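The following note sets out numbered points for a colleague's review. Each point can be checked against the coordinates shown here.

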Protein chains: 4
Amino acid sequence: MIELSANRYGKAAIRLVRVDRDATPHRVRDLTIAIALEGDFAAAHTDGDNANVIATDTMKNTAYAFGVEHLTGSIEAYAAALASHFLGFGQVARATVNVREHVWRSIDVAGAPATDALVRSGEGTRLATVAATRGEITVEAGVEDLVVMKTTRSGFTGFPRDRYTTLPGADDRLMATQVTAVWRYGAPDIDFDATWQAVSGTLLEVFAEHDSPSVQTSIWIMANAMLERHEEVDEVRMVLPNLHHWLVDLAPFGIDNDRQVYVATTEPHGLIEATVRRGEV
Amino acid sequence: MIELSANRYGKAAIRLVRVDRDATPHRVRDLTIAIALEGDFAAAHTDGDNANVIATDTMKNTAYAFGVEHLTGSIEAYAAALASHFLGFGQVARATVNVREHVWRSIDVAGAPATDALVRSGEGTRLATVAATRGEITVEAGVEDLVVMKTTRSGFTGFPRDRYTTLPGADDRLMATQVTAVWRYGAPDIDFDATWQAVSGTLLEVFAEHDSPSVQTSIWIMANAMLERHEEVDEVRMVLPNLHHWLVDLAPFGIDNDRQVYVATTEPHGLIEATVRRGEV
Amino acid sequence: MIELSANRYGKAAIRLVRVDRDATPHRVRDLTIAIALEGDFAAAHTDGDNANVIATDTMKNTAYAFGVEHLTGSIEAYAAALASHFLGFGQVARATVNVREHVWRSIDVAGAPATDALVRSGEGTRLATVAATRGEITVEAGVEDLVVMKTTRSGFTGFPRDRYTTLPGADDRLMATQVTAVWRYGAPDIDFDATWQAVSGTLLEVFAEHDSPSVQTSIWIMANAMLERHEEVDEVRMVLPNLHHWLVDLAPFGIDNDRQVYVATTEPHGLIEATVRRGEV
Amino acid sequence: MIELSANRYGKAAIRLVRVDRDATPHRVRDLTIAIALEGDFAAAHTDGDNANVIATDTMKNTAYAFGVEHLTGSIEAYAAALASHFLGFGQVARATVNVREHVWRSIDVAGAPATDALVRSGEGTRLATVAATRGEITVEAGVEDLVVMKTTRSGFTGFPRDRYTTLPGADDRLMATQVTAVWRYGAPDIDFDATWQAVSGTLLEVFAEHDSPSVQTSIWIMANAMLERHEEVDEVRMVLPNLHHWLVDLAPFGIDNDRQVYVATTEPHGLIEATVRRGEV
């Protein structure tokens, strides 16, 4: 007997830019949206019956239409409005809306921000994911593509050595990573914009300030601070590639390389993942 | 109270090419390998204690060293050997090894395959993932980046219409997708190479042969055939983006476009995911 | 005094798929088209006067409209028809149309090609560029993204050594590259499809058959054969990255690695470019 | 008769990071370097004779070695030192060194820049190219991957209409582009860092301030200002894709969309290229 197990469907890579010219400077929201639905869709699979299948083209249209009335505040609120809308269909048991915001800032002109001209910042993408059922709503926020480096106060020593170990311990190495961090809020009705600024600010500050004996410990220290300083946050999940920078051996050329010149690499890379959360008391 | 929850770490994007010049034509295995470990690693996070942390550089060295002795057969066997090796460390509770194989074929010279020259094929990447604990081993195989198209016998009609629905029903559309399919084997000791050829062959053949009332139904039909024809397979998971091709409206130019000229798009795209499996009798 | 120098404009990344269902199996042309115009466009730059500026949106519409009537033969003929059309505007002095064709092949079903289902091949992209003025037309064809490897019969020795040289000579190395080759035809009215098949076939065969003392010599040998065997070709231009594969040193692990296991790399890479042509007698 | 025409070779994608920990905050130079040589290399092509072929691996080593002694100032000075070094080989007639700098900035901690922690900025990549022969040196600087937007004061009207024109004129559109700009300096010994800051600052400011009747005019206006305000610059070359943002038609849903919600697209895109220079008096 063959049966359908977990399934979901939706529209991904919906590209929406909203411009508010009433604000000074003009406010730009540049979003990539993905919508996914779960529920009573088995007949679409097993019987070719589309009676319950809200077209993904309709999801896209709805995302744009909601861009006018429901994108006046945070991306979390916009995602929640979309999720709530799709729960209005009886066949939908869970709606998940993921929004990635590409950040723009006003161009400086003679020291002041231009009203109507912007440059896209590459310092990370803001994330928001709202997953809603009829009884529950989960709001996650986060950041990805945030590339950071510690030029000192990072090491890796004391690890076990076996037949295949050649890496020397390093008291002082260069550590670089591309942060993906997602945190879950305990409540669905906080000030999402201010909280995101605060939590991601903590992440960056603690990255800068801590001493790192390993990427593993760095995750723990950053996540701890995010939980301790921001009571809105219940759980933090991080995925940190270790983008190795290898000191170049210039001795064959009679040149001393005192932790100055490195080869930047992306392949292969370490990959460290962990979730840190508030536990039961 | 703040606590560490799920965590794992490893090395990703290990690029290994093995050449066997004893074979005629020469055999090339071009692999991208990722290794991830779970187990007794909490102290690395919470105490900065690396005593249990097998360096990811050691994992990379091991992958290359095993490339000589353990890559004589299938990539599944190679992945299993690596997973088993890492379980030899007491602190490791689960080792997961993922291998992606980039396929090359011999260049034709005067109708015969060259002995020592190859061209990389872009028709999909072969996948294998072995996850092992001390008591259990799971072997998955699959394919990704397999881009396929049905020029006819695909439609999408009968879906519900609401205020935001503008898509007309289509009796005969062009359907294109980039297949990711992963299937789980029931046993860890089958002929992995022959079975992969057979299962992925079924996937392609059924894609070609079936009539598709929706991407959802296509997944069901393909996965069913894979399970019915290949008893080694217990479960099939598919992720199919719907890479929309829109018929161009040439009427403004006085030109009839009878399902001939399309705009190929990637953003936005539908995204359909489902798992199909053998159920309890 | 500040003046406008060279300038051109157009539309790029026009994605067009044409399906011919009258053919058996169905024929699919999957194209990415770029159109660029040069001519009397100075006023658009210096005076903000768009009177001569054919909108790039119009170029896109024209590309799709011409997809019905002018894409019945080769992509070179289609590109020439578009170029000729834009020369119909008095302000256009030169029109350049570049077409990249992404190749699809029919899926095999029980040993025979399916009528209406295809898989995209990744073995290179076919190129055609037509540049036309009122007096002259140049037709170039080519291939890009063709990734090939020689497992033996490739070396690199006898190069000069200085203070910064550490590379040992290699009598027998693995050579891999991603071919970009463009060739210019002497006449604008040949059988472009058959000639492309023949010329690119020569490229692949000679790549497979020759002994390579350097990537430089490989270009010369391949280009020579393309010119010698195909009188339609006047000039061949190649750009070959040297995608280094480094033999892994497994001696520290007591393992002999007799040219078997390599690290595949893309950064950094050698980059060899040359043009070979018929000279004056 | 078949002959070798233009040819060059070198090493590309050399990834070098230099850290200066004596500076406060630590200074990071993150570079991607490409080196290309032209000269007496015909025998390598036609005779398989490598006696003149400086190995590209040696070029890479040299780039790293020079990273210690010659990367103390601007990337232009570093590129010039490398080019000069390779001209020390008699067989080299021209050496071209291209450097792309990926910009990092110190992380803010409590309002002050951290000493030893940085975040990579995505606001454009700095470019420098030095091409040197024994008699001449050309220094170009520039920027790429700089994504900018004007939310108003951009239009496109007055263009000609033909059978294939459907685009309505736009008095007030959203204009977005990814700037590639390269400028040539008249002298090889200026303050490259200060000048780059000044010239790229002018580019951004003028982008923000001008009214744009077309992308063509925008190039002219920006390039003019760069030449007028910076006498060090002799020529400016720009390549600007027009990354179209289409206003979404929400009328079918009874929603007024007064230049508020757009679809961001990348395919197809306009592509405008022009060079502006100081002319003869």
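1. Domains of chain A. The centres of domain 1 of chain A and domain 2 of chain A, taken over C-alpha atoms, are separated by 30 Å. Domain 1 covers 9-135 and domain 2 covers 146-277; such bounds come from an automatic or database domain assignment. Eight residues from domain 1 of chain A and six residues from domain 2 of chain A make the contact, where two residues are in contact if their C-beta atoms, placed from the backbone, lie within 7 Å. On the side of domain 1 of chain A that touches domain 2 of chain A, α3 (75-87) and β4 (112-133) of chain A each supply at least two residues, and β4(A) gives the most, with four residues. That side of domain 1 of chain A divides into three nonpolar, two polar and three charged residues. Here Ala, Val, Leu, Ile, Met, Phe, Trp, Tyr, Cys and Pro count as nonpolar, Asp, Glu, Lys and Arg as charged, and the others, Gly among them, as polar.

2. Basis of the model. This is a predicted model, in which local features need pLDDT of at least 70 and side-chain atom pairs count only at pLDDT 80 or more, while totals for chains, interfaces and linings use all residues. Residues are numbered from 1 along each chain as its sequence is written, and chains are lettered from A and ligands numbered from 1 in the order in which they are written.

3. Overall description of chain A. Chain A has five helices and ten strands; helices (H or I, at least four residues) and strands (E, at least two) are DSSP runs, numbered from the N terminus. The C-alpha trace of chain A spans about 75 × 65 × 45 Å along its principal axes. Of the 281 residues in chain A, 50% are buried. A residue is buried if 20 or more other C-beta atoms lie within 10 Å of its own, exposed if 12 or fewer, and partly exposed in between, with C-beta atoms placed from the backbone. Among the contacts in chain A with a separation of 6 or more, 62% are between residues 24 or more positions apart.

4. Interface of chains C and D. In this interface 65 residues of chain C are in contact with 65 residues of chain D. Elements giving two or more residues to the side of chain C that touches chain D include β1 (2-20), α2 (56-69) and β10 (269-278) of chain C. With 14 residues, β1(C) gives the most to that side, and the side as a whole divides into 30 nonpolar, 24 polar and eleven charged residues. β1(C) pairs with strand β10 of chain D in the antiparallel sense over nine bridges; two strands pair if DSSP finds at least two bridges between them. The bridge partner of C:Ile2 in β10(D) is D:Arg278.

5. Helix α5 of chain C. Twelve of the 15 residues of α5(C) are buried, among them C:Trp220, C:Met222 and C:Leu227. Its buried residues pack against elements of both chains, including β6 (175-185) and α4 (192-209) of chain C and β1 (2-20) and α1 (42-46) of chain D.

6. Interface of chains D and A. Here 51 residues from chain D and 51 residues from chain A make the contact. β4(D) gives the most to the side of chain D that touches chain A, with nine residues. That side divides into 30 nonpolar, nine polar and twelve charged residues. Strand β9 (residues 261-264) of chain A and β1(D) pair in the antiparallel sense over three bridges, and A:Val261 stands opposite D:Arg18.

7. Backbone points to inspect. The peptide bond from B:Thr24 to B:Pro25 is cis, with omega near -5°, and B:Pro25 is in the loop between β1 and β2 (27-39) of chain B. The peptide bond from C:Glu267 to C:Pro268 is also cis, with omega near -10°. D:Arg153 is not a glycine but has a positive phi of about 60°; this residue counts as partly exposed, with 17 C-beta neighbours inside 10 Å.
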